[in-house]
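Reader: I've just started learning to read structures, and I get lost when several pieces pack together. Pick one part of this one, please, and walk me through it slowly.

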Amino acid sequence: MDWLQALLLGLVQGLTEFLPVSSSGHLMIFKELLGVDAEGFLDFTVTVHLATVLSTLVVFWKPVCRLLAGLFKFKYNDETDYVFKLVVSMVPVALVGLLLKDKVEALFGDSLTVVACCLLVTALLLFLSDRFGGRKSPAASGGTEVRNGISYLQAFAVGIGQAFAVAPGLSRSGTTIATGLLCGVKREVMAQFSFLMVLVPIIGEQLLDLVKGLSDEAALGGGLPLSCLVAGFLAAFVSGLFACRVMIAIVRKARLSWFALYCVVAAVLIFIFA
């Protein structure tokens, strides 16, 4: 991998991490298109994923600070309620990551055919969320508005959606947003919740990959030049800032079906040319 390939892959990661089109699937697609060697690619993906985590923190800096300030008041307030619901949403993906990560990776592998199939599933979820999402009140059973616009049960359901998104090509943001909308959570609530809920799981996933790489006595960076890691990190961070802000606006107002159409077209092209 040279610095230009790293720059392009960083841009792909930053743009697709927040758009509902699967960053992992697109990294695999562009890795093949650019002819990038597998050596060092794991450490590169860790680097660019951490860059998009940082861009999320920058975009949501004020809400995160507000949540932490409320949490450390050590009483059950709106901020504590929101943080607890974020934690509940992380439980399914944590169980999958800790107990089934190796099995999942062995099951799906690096097959572009799997990516194409999962892109079609992403497209279906996005289409259904546009057609049927948000029709029920967040408090469908009680008739009153739930605290912070999302219930614990809805948070757990969204977390299950995130757990399924470990498959390459199944968009993490697309799955969580679509699941939330189909469960009756309002768009403006999911615009923030879906991005904040993935921060800790992404960091944890990348740390696990780092530990695995170090346990295999692999050199950090896998022999990649520092220029590649820096180029990929900066590209992913800057493009991630842009994509995150764009996706927030899209979730609040625009239709997700256009991304569904994109996923279908991408899947068809993979089936034809892969």
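Author: Let's begin with the word "handed": a crossing is left-handed if the near helix is turned anticlockwise from the far one by less than a right angle, and right-handed if it is turned clockwise. The helices themselves are DSSP runs of H or I with at least four residues, strands are E runs of at least two, and both are numbered from the N terminus. What you're looking at is a predicted model, where local features need a pLDDT of at least 70 and side-chain atom pairs count only at 80 or more, while totals for chains, interfaces and linings use all residues. Residues are numbered from 1 along each chain as its sequence is written, and side-chain values use heavy atoms, leaving out hydrogens and water.

First, a quick look at the whole chain. Of its 274 residues, 50% are buried, where buried means under 20% relative accessible area, exposed means over 50%, and partly exposed is in between (1.4 Å probe, protein chains only). Among contacts (heavy atoms within 4.5 Å) with a separation of 6 or more, 82% join residues 24 or more positions apart.

Now for the part I'd pick: helix α12, which covers residues 226–253. We'll look at two of its partners.

Start with α10, residues 187–196. The axes of α10 and α12 come within 7 Å and cross at roughly 150 degrees. Here an axis is a line fitted to C-alpha atoms, for helices over the stretch in contact, and angles between N-to-C directions run from 0 to 180 degrees. Under 35 degrees counts as roughly parallel, over 145 as roughly antiparallel, 65 to 115 as roughly perpendicular, and the rest as oblique. That is why α10 and α12 are roughly antiparallel to each other. The crossing of α10 with α12 is right-handed. On the α10 side, the contact uses Arg 187, Glu 188, Met 190, Ala 191 and Phe 195; on the α12 side, Cys 244, Met 247, Ile 248, Ile 250, Val 251, Arg 252 and Lys 253. Sorted by class, that contact has eight nonpolar, no polar and four charged residues. The classes go like this: Ala, Val, Leu, Ile, Met, Phe, Trp, Tyr, Cys and Pro are nonpolar, Asp, Glu, Lys and Arg are charged, and the others, Gly among them, are polar.

Zoom in on Ile 250, which sits in α12. Its relative accessibility is 14%, so Ile 250 counts as buried. Skipping residues up to four places away in sequence, Ile 250 touches Arg 187, Leu 256 and Phe 259. Between Ile 250 and Ala 191 there are 59 residues of separation in sequence and 8.5 Å in space, C-alpha to C-alpha.

From α1 the contact takes in Trp 3, Ala 6, Leu 7, Gly 10, Leu 11, Gln 13, Gly 14, Leu 15 and Phe 18, and α12 answers with Ser 227, Cys 228, Ala 231, Gly 232, Ala 235, Ala 236, Ser 239, Gly 240, Phe 242, Ala 243, Cys 244 and Met 247. By class, these residues split into 14 nonpolar, seven polar and no charged.

Thr 52 belongs to helix α3. Apart from neighbours within four places in sequence, Thr 52 is in contact with Gln 13, Gly 14, Glu 17, Phe 18 and Ala 236. Look back at the α1 and α12 contact, and you'll find Gln 13, Gly 14, Phe 18 and Ala 236 among its residues.
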